[in-house]
Amino acid sequence: MAKMWAGLTSGITDRVADDFNSSISFDSRMYRQDITGSIAHAAMLSAQGIISVQDKEQLTEGLLSILEDIDGGALQIDPLSEDIHMFVEQELTKRIGDTGKKLHTARSRNDQVALDLRMYLRDEMAEVKKLLKALVKALYGQAKAHKSSIMPGYTHLQRAQPVTFGHHLLAYCMMLIRDAGRFEDALKRMDVSPIGCCALAGTTYDTDREMEAKALGFSSVALNSMDGVSDRDYCLELMSAMSILMMHLSRLSEELILWCSWEFKFVTLSDGYTTGSSIMPQKKNPDMAELIRGKTGRVYGDLMGLLTTLKGLPLAYNKDMQEDKECIFDALDTVKACLQVAAPMIETMSVHEDNMFSAAQKGFINATDLADYLVKKGLPFRSAYKISGEIVAKCMADDQVLETLPLEVYKTFSPVFDGDLYKEIDLRTCVEKRISQGGTSLRSVEMQLVYVEEFLKDD
């Protein structure tokens, strides 16, 4: 079958080349945006007197009928079509005759696909933001419930200082809120309509690009037609933001995997988000968290793939740019799938506060507070640090913790130790003394919760 672009050439390509060239298998998901953009284009052409009002109405009616039939399942997208644009135009011409051939006046597939992709990503990012908020809400719920639950904080994966589980989870809320901000920033720069740029040089027709852009919800138009059809910065920006989001999800997943191991046993993931072993009946594997961690590399690969595709392209449009959609669609689908499973996985997990507190006690994570106690008694910090380290070594040798070491033993290290020591090194006191803004004290954590609440309220 000859293509609609037949003219200079026969329009008949080799079957293998046809399959290689076709993009219908992945760009068909943009059918709604393609039809919506075409309806706006027909309205602009009519308003400018380029086509008649009757033509516009016939085109609009035909396009709406195609949309309704695809949505309802009455019309299947032909996998043998070259792309979604050609499929819609061919179907339209089949339904309304030669008037359908007028639709492509004053545009090219180059600016048409650029428009469709921007509109599609804009719609999809609204769903990503919704899923992102659901995850923040799940983390917020657990953080609020455990704002006073003491656990060891880590550096170098070594127990460092006491924090609360709520404080720890709120760190991920802050990361995800920044992710939402990155998406918003990228969408602002993406809010530019390329339609009317045509192939690369604009058109001889007296079009109204501003009218068409406004009808499609864009705030402005591309100011350079060559840039309008060749710009894929917005794909790279969104994929970069998605890669950073996936990095955050991977870090969270890594901690969940550690926390639900027998070595930690800080949390238990719901049966709905774990699997069993085919041979070991005692196993409960955190497969969903592991998959999120694994899929992070996939999104990174999508970003690097598109960066590499674009790096050597001369202006304006090149067929290489067809590769943008598989990369961005795969990244988008992966991020959405990970967010969909992450939120309920967090929401349904059980938290073992006793195990966390026990780990905090055994890690000597109040040793810094012990040194601070000596400093308050007049010792130089380095002397206090040395004495505290010696006391920790004594506790380890005697299988004790700082809270249970007798006062008389403390006095053998320094005469300044007194009965007020035990309150100062109590883990709860250690946490509550972290009063600096952003710290782990209850008051600070509650302030952080309010910040997250405001984000969740913002629509």
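**Cysteines, cores and salt bridges**

C338 is buried, and its relative accessible area is 2%. Buried stands for under 20% relative accessible area, exposed for over 50%, and partly exposed for what lies in between (1.4 Å probe, protein chains only). The model is predicted, so local features need pLDDT of at least 70 and side-chain atom pairs count only at pLDDT 80 or more, while totals for chains, interfaces and linings use all residues. Residues are numbered from 1 along each chain as its sequence is written, and side-chain values use heavy atoms, with hydrogens and water left out.

**Cysteines**

- The whole structure was searched for disulfides (two cysteine sulfur atoms within 2.5 Å), and zero were found.
- C198 takes part in no disulfide. The nearest cysteine sulfur belongs to C197 and is 7.7 Å away.
- C198 is buried, since its relative accessibility is 7%.

**Nonpolar cores**

- A nonpolar core joins buried Ala, Val, Leu, Ile, Met, Phe, Trp, Tyr and Cys residues through side-chain atoms within 4.5 Å.
- The largest core has 74 residues. Within this core, L121 and M242 touch the most other members.
- Seven helices each give this core at least two residues: helix 6 (109-145), helix 7 (165-190), helix 10 (233-259), helix 11 (287-310), helix 12 (323-347), helix 13 (353-362) and helix 19 (442-457). Helices are DSSP runs (H or I, at least four residues), numbered from the N terminus.
- Which residues does L121 contact, neighbours within four places in sequence aside? They are M190, Y234, C235, L238, I328 and L332. Contact means heavy atoms within 4.5 Å.
- There is also a second, separate core of 20 residues. Among its members are A42, I84, V88 and L92.

**Salt bridges between helices**

- The whole structure holds 28 salt bridges. Each puts a side-chain nitrogen of Lys or Arg within 4 Å of a carboxyl oxygen of Asp or Glu.
- K129 pairs with E184 in a salt bridge, and their closest N and O atoms are 3.1 Å apart. K129 sits in helix 6 and E184 in helix 7, so this pair ties together parts 55 residues apart in sequence.
- K129 is partly exposed at 23% relative accessibility. E184 is also partly exposed, with a relative accessible area of 30%.
- E237 forms a salt bridge with R189, with 2.6 Å between the closest N and O atoms. This pair links distant parts of the chain, as E237 is in helix 10 and R189 is in helix 7, 48 residues apart.
- E237 is partly exposed, and its relative accessible area is 25%.

- K457 forms a salt bridge with E454. Their closest N and O atoms are 3.4 Å apart.
- Both K457 and E454 belong to helix 19. They are three residues apart, about one turn of the helix.
- Is K457 buried or exposed? K457 counts as exposed, because its relative accessibility is 56%.
- E454 is partly exposed, with 45% relative accessible area.

**Salt-bridge network**

- Salt bridges link D369, K376, E424, K433 and R434 into a network.

**Helix 9**

- M226 lies in helix 9, which covers residues 225-230.
- M226 is partly exposed, at 33% relative accessibility.
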